[in-house]
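Have a look at the structure first, then read through the points in order.

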Amino acid sequence: MSDCTDEKMEKFKEKISSLLFELITDIPESLYTPSENSDDKIKKLIRQASIKAATVSATLSVPAGLTGVLTSIPDIAAIWRIQAQLVSDIAATYGKFAQLSREAMVWCLFRHSAAQLVRDIAVRTGSRIVVQKLSLAALETLLTKIGIKISTKFLGKVALRAIPAIGAIGNGAYSFYDTTEVGKTAAAYFKALADQEAEVQEADVVS
């Protein structure tokens with residue numbers, strides 16, 4: 001990777017971190033509403049989003065080398081927007097969109113891919129996960145660390161993109177898996193919130 005200079009690597013990492021901050025501070029709205037068959041609807045939403053992310057990732061060919069990777073930022077942005085929309089739609093389907101904070105979005109998006117970095121955001125209390133509130137500065141620092149981690153991992157895969165067919169298939173498959181995991185994390189989190197609310201309401205009725 002002859003054009004892989006330190007300057008270009010830093011530029012790529014900075015752009016990814018900036019993109020992440022924009023994504024997290026602008027949570028997308030959702031057109032979905034709560035329904036009785038929420039679980040089935042959410043399984044369908046996860047599959048649709050995963051297929052969409054895989055298609056976007058596989059069809060946007062990126063040349064080998066860091067110069068090519070720099071042009072892939074719109075691809076990465078598109079995948080994250082699909083995933084962020086999925087998280088919003090899942091929250092809304094469970095009737096918990098109001099609980100979709102910036103911290104909850106970070107947790108859902110990166111729990112599986114940057115577990116060590118986001119582990120302090122959430123605290124488990126019994127079967128429920130409580131997401132901690134972060135200051136804007138702390139959130140920005142966390143997103144910078146996540147951006148560096150993801151950028152480093154992404155740059156390590158650049159060589160694969162020298163073979164277009166293999167690169168397209170590999171990237172598409174990973175995006176499908178990545179989006180599915182995001183959906184599973186969001187579904188588990190917001191379902192737990194919805195179940196807890198239902199239990200409280202039932203207890204109030206009984207008492």
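This is a predicted model: local features need pLDDT of at least 70, side-chain atom pairs count only at pLDDT 80 or more; totals for chains, interfaces and linings use all residues.

**Notes for a first look**

1. Glutamate 14 is a handy place to start: its relative accessibility is 54%, so it counts as exposed. You'll find glutamate 14 in helix 1, which covers residues 6-24.

2. Now the overall layout. The protein chain has eight helices and two strands, and reading along the sequence gives α-α-α-α-α-α-β-β-α-α. Of its 207 residues, 43% are buried. Among contacts with a separation of 6 or more, 80% are between residues 24 or more positions apart. The chain exposes about 10,900 Å², with carbon and sulfur atoms supplying 57% of that area.

3. Back in helix 1, look at leucine 23. Is leucine 23 buried or exposed? It counts as buried, because its relative accessibility is 11%, and the cut-off for buried is under 20%. Leaving aside neighbours within four places in sequence, leucine 23 is in contact with Trp80, Arg81, Ala84 and Leu109. Arginine 102 is 79 residues away from leucine 23 in sequence, yet their C-alpha atoms are 9.4 Å apart in space.

4. Next, the inside. The largest nonpolar core has 50 residues, and those with the most contacts inside it are Trp80, Val87, Ile90, Val106, Phe110, Ile146 and Phe190. Several elements each supply at least two residues of this core, including helix 1, strand 2, helix 7 (136-155) and helix 8 (164-206). Which helix gives the most to this core? That's helix 4, with eleven residues.

5. Helix 5 (residues 102-110) is mostly covered, with eight of its nine residues buried. Among the buried ones are Glu103, Met105, Trp107 and Cys108.

6. The two strands run antiparallel: strand 1 (residues 122-125) is joined to strand 2 by four bridges. One example is arginine 124, whose bridge partner in strand 2 is isoleucine 129. Strand 2 (residues 128-131) has two faces, with Ile129 and Val131 on the covered one and Arg128 and Val130 on the uncovered one.

7. How many salt bridges does the structure hold? There are three. In general, side chains of opposite charge can pair when their charged atoms come close. Aspartate 39 and lysine 191 meet in one of these bridges, at 3.5 Å from N to O. That pair links distant parts of the chain, with aspartate 39 in helix 2 and lysine 191 in helix 8, 152 residues apart. Aspartate 39 is partly exposed at 33% relative accessible area, and lysine 191 is partly exposed at 30%.

8. Lysine 191 also forms a salt bridge with aspartate 195, the closest N and O atoms being 3.7 Å apart. These two are separated by about one helical turn, because they are four residues apart in helix 8. Shared partners join Asp39, Lys191 and Asp195 into one network of salt bridges.

9. The remaining salt bridge is between lysine 184 and glutamate 181, with closest N and O atoms 3.7 Å apart. Both lie in helix 8, three residues apart, about one turn of the helix. Glutamate 181 has 18% relative accessibility, so it counts as buried.

Note on methods: Residues are numbered from 1 along each chain as its sequence is written. Side-chain values use heavy atoms; hydrogens and water are left out. Buried means under 20% relative accessible area, exposed over 50%, partly exposed in between (1.4 Å probe, protein chains only). Two strands pair if DSSP finds at least two bridges between them. Contact means heavy atoms within 4.5 Å. Accessible areas come from the Shrake-Rupley method with a 1.4 Å probe; for residues, only the protein chains shown count as cover. A nonpolar core is a set of buried Ala, Val, Leu, Ile, Met, Phe, Trp, Tyr and Cys residues joined through side-chain atoms within 4.5 Å. A salt bridge is a side-chain nitrogen of Lys or Arg within 4 Å of a carboxyl oxygen of Asp or Glu.
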